[in-house]
Amino acid sequence: MKTNKLWFGCFWLMAAMPCLGADVGIVTLLDGKPRLLRGTAWFTLVEGVRIRDSDVIDVPEKGQMQLEMMDGGALSLIGPGALYSVSMTGGDAKQRAAAEFWLSKGWLKLDTKPTATRLRMRSGLGSVLTADAAAVVHLTGDTLDVFVETGIAKVVEPGKSDSAGTDVKGGAFASRAAGKAVTTAERAPATFVAALPRDFMDALPLRTSRFANPREPVQDHEATYPEVQAWLAGPYRVSFMKRFEPKLADPTFKAAVDANSKATPEWATAAKSAPPPPPLTKVEPPKEEKKAEPERTWRWPWEKAGAK
């Protein structure tokens, strides 16, 4: 009996494991009030929180967040901007772990080590890959700038394979404007250097040793439609629509979705194609049948007399 209980316990634990997002890294430095979107709710970030697959970190203007990978290396984001943790692929004896992020905009510094997690930063203007390099990325609405401090980073245009990317060596600079190819220069232009955040002029401080015990973020509120509208219409919209589909049961959220149906036409189409509920029919209670009285087999005395 005990063996059966143990087997069932292990079975349900294994079944639940895919539902748990893999830990990507630890938040080791915060400035301002960055917040975390996990599931369908916003949380208040604190240093020591583990970031998981599918988390979104939103950093306000002049705010800063540093994330250190579980096996070394780090990245730091200065807002305004947001970072979406797309995926975390574990490493093995043959290949190092790899973490992929999506950057909406902002200043981002990447610092990877030879034996640590490889980083891929995606954006609408291109991707930056680092495996053993330190690089600073500045992303605006129409320009992607990359300055490589040390090592070699690769800049890949959207739609192209990694092998077709441009290698940028330490000390060099790469840039891509919307609709144009990647260009490179031997050094960063004066305008980039002048705008470079002071905190990114030095190596990122490593602080993971201070956070041996994980901390949990504090839930603030359920996300509203305006707060996630950009993600529902972005390149990872399928994942976000699946995540927020249960929110359609919320009348306020559903009303906002209907008012912006062009952003999520799948939801509008699904609502139109759903069969209407069957009409209500009045159910009459069954009528009671009157049973015939049984024939009498006896007679009253006067009935017998009359019968004679």
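Predicted model: local features only at pLDDT ≥ 70, side-chain atom pairs only at ≥ 80, totals over all residues.
Residues are numbered from 1 along each chain as its sequence is written, and side-chain values use heavy atoms, with hydrogens and water left out.

The protein chain contains 7 helices and 17 strands, where helices (H or I, at least four residues) and strands (E, at least two) are DSSP runs numbered from the N terminus. Of its 308 residues, 39% count as buried; buried denotes under 20% relative accessible area, exposed over 50%, and partly exposed the range in between, with a 1.4 Å probe and protein chains only. Contact is taken as heavy atoms within 4.5 Å, and among contacts between residues at least 6 apart in sequence, 52% join residues at least 24 apart.

In soluble globular proteins, nonpolar side chains tend to be buried together. A nonpolar core is defined here as a set of buried Ala, Val, Leu, Ile, Met, Phe, Trp, Tyr and Cys residues joined through side-chain atoms within 4.5 Å. The largest such core comprises 40 residues, of which Met 65, Leu 75 and Phe 101 touch the most other members. The greatest contribution to this core comes from strand 13 (residues 143–156), with 5 residues. A second, separate core holds 19 residues, including Leu 37, Ala 223, Val 228 and Val 257.

When neighbours within four places in sequence are left aside, the contacts of Phe 101 include Val 24, Leu 67, Met 69, Leu 75, Leu 83, Tyr 84 and Leu 119, together with Arg 120, Met 121 and Arg 122. Tyr 84 itself is found in strand 8 and is buried, with a relative accessible area of 4%. With the neighbours within four places again left aside, Tyr 84 is in contact with residues that include Ser 54, Asp 55, Val 56, Phe 101, Trp 102, Trp 231, Phe 240 and Arg 243. The C-alpha atoms of Tyr 84 and Asp 55 are separated by 6.0 Å, although these residues lie 29 residues apart along the chain.

Ala 174, placed in strand 15 (residues 173–177), counts as buried at 1% relative accessibility. Not counting residues up to four places away in sequence, Ala 174 touches, among others, Leu 144, Val 146, Val 155, Val 168 and Val 182; the C-alpha to C-alpha distance between Ala 174 and Val 155, 19 residues apart in sequence, is 7.7 Å. Thr 208, by contrast, is found in the loop between helix 2 (190–195) and strand 17 (218–222) and counts as partly exposed at 31% relative accessibility. Beyond residues up to four places away in sequence, Thr 208 touches Thr 28 and Glu 68.

Helix packing was described with axes that are lines fitted to C-alpha atoms, for helices over the stretch in contact, and with angles that run from 0 to 180 degrees between N-to-C directions. The axes of helix 3 (residues 225–232) and helix 5 (residues 251–259) come within 11 Å and cross at roughly 45 degrees. Helix 3 is therefore oblique to helix 5, given that angles under 35 degrees count as roughly parallel, over 145 as roughly antiparallel, 65 to 115 as roughly perpendicular and the rest as oblique. This contact is made by Tyr 225, Val 228 and Leu 232 of helix 3 and by Phe 253, Ala 256 and Val 257 of helix 5, and its residues divide into 6 nonpolar, no polar and no charged. In this classification, Ala, Val, Leu, Ile, Met, Phe, Trp, Tyr, Cys and Pro count as nonpolar, Asp, Glu, Lys and Arg as charged, and the others, Gly among them, as polar.

Helix 3 also packs with helix 4 (residues 237–244), at an angle of about 145 degrees and with the axes 8 Å apart. Val 228, Trp 231 and Leu 232 of helix 3 meet Arg 237, Phe 240, Met 241 and Phe 244 of helix 4, giving 6 nonpolar, no polar and 1 charged residues.

Most residues other than glycine have a negative phi, and most peptide bonds are trans. A cis peptide bond, with omega about 10 degrees, joins Gly 79 and Pro 80, and Pro 80 lies in the loop between strand 7 (74–78) and strand 8 (81–89). Ser 54 has a positive phi near 75 degrees and is partly exposed at 30% relative accessibility, while Lys 62 has a positive phi near 70 degrees and is exposed at 69%.
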